[in-house]
Amino acid sequence: MKTLLVYYSRTDVTKKIAEIIQEKLNCDIEEITDNNRYKGAIGYLKGGMNAAMRRTSEINPISKNPSDYDLVIIGTPVWASNMATPIYTYLMKYNKEIKKMASFCTCIRGGYDSALENISEVTGKKPVTTMFLTSKDIENPQEKINTFITNIK
Ligand SMILES: Cc1cc2nc3c(=O)[nH]c(=O)nc-3n(C[C@H](O)[C@H](O)[C@H](O)COP(=O)(O)O)c2cc1C
């Protein structure tokens, strides 16, 4: 199964998890970037507002076409109990090109269920599987990642 992992990460937590999954699945990976639009304290506030209000914002051009893949894995930090704005933006642009979808999110401790639900809603697809990692899980994510990968295969 040809798989693409698409993720956004503001402070590299989601990035670390994405890279572990990518290595285990040996799949293609695309990081969504936006020239640090949400950096720092002001960026945090802006991100929270935009995510809560479901606004899109500009992202850099992508290099991999999601329609070339059987499965697209979406990885996002939780922002205000939602997906991060750059991932929302990506999905608003490309959701029609996604065939099958799996999703995961990282967060401090809550809002993951609604964030994952919102990804399903925006893509109009039931995920093959999902995973959330809280701050506690991040210290030792292997077990959850292994289950996620088993469910994908
Ligand atoms: C704008 C903003 C809103 C956030 N909202 C939540 C939240 O609702 N619940 C939560 O547990 N963590 C929240 N967080 C924390 C991040 O989800 C968490 O630190 C995440 O693992 C960061 O991932 P990253 O390093 O890949 O950006 C928020 C962070 C930001 C920047």
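This is a predicted model: local features need pLDDT of at least 70, side-chain atom pairs count only at pLDDT 80 or more; totals for chains, interfaces and linings use all residues.

Rolling a probe the size of a water molecule over the atoms shows where empty space is left. The largest pocket here has a volume of about 520 Å³. It has 21 lining residues, and those closest to its centre are Y44, V78, W79, C107 and I108.

Which elements supply at least two residues each to this lining? They are helix 1 (13-25), helix 2 (40-52), strand 3 (71-79) and helix 5 (135-139). Helix 2 gives the most, with four residues. Sorted by class, the lining of the largest pocket has nine nonpolar, ten polar and two charged residues.

What takes up the space of the largest pocket? The ligand does. Around the ligand there are 19 residues, and S9, T11, T14, V78 and T106 come nearest. The shell around the ligand draws at least two residues from each of helix 1, helix 2 and strand 3. Its residues divide into eight nonpolar, eight polar and three charged.

A polar backbone atom of R10 is 2.8 Å from an oxygen atom of the ligand. At R109, a backbone N or O atom also lies 2.8 Å from a ligand oxygen. With T14 the side chain takes part: one of its N or O atoms is 2.6 Å from an oxygen atom of the ligand. On its own the ligand has 650 Å² of accessible area, and the protein covers 87% of that.

On to the second largest pocket, with a volume of about 170 Å³. It is lined by 13 residues, and Y8, S9, R10, D34 and N36 lie nearest its centre. The classes here are three nonpolar, five polar and five charged residues.

Last, the cavities. How many of 30 Å³ or more does a search of the whole structure find? One. The volume of this largest cavity is about 30 Å³, and its lining consists of N50, A51, R54, R55, N82, M83, T85 and Y88. Helix 2, strand 4 (82-83) and helix 3 (85-94) are the elements that give two or more residues to that lining. So much for the spaces.

Notes
Residues are numbered from 1 along each chain as its sequence is written. Side-chain values use heavy atoms; hydrogens and water are left out. On a 1 Å grid over the protein atoms alone, a cavity is a set of points where a 1.4 Å probe fits but cannot get out, and a pocket is an open set with protein on both sides within 12 Å along at least five of seven lines; lining residues have an atom within 4 Å of a point. Grid points are joined across faces, edges and corners, and a volume is the space filled by probe spheres set on the points. Ala, Val, Leu, Ile, Met, Phe, Trp, Tyr, Cys and Pro count as nonpolar, Asp, Glu, Lys and Arg as charged, and the others, Gly among them, as polar. A residue is near a molecule or strand if one of its heavy atoms lies within 4 Å of it. A polar contact is a pair of N or O atoms within 3.5 Å; within protein, one must be able to donate a hydrogen and the other to accept it, and residues adjacent in sequence count only if both atoms are side-chain atoms. Accessible areas come from the Shrake-Rupley method with a 1.4 Å probe; for residues, only the protein chains shown count as cover. A molecule sits in a cavity or pocket if more than half of its atoms lie within 2 Å of its grid points.
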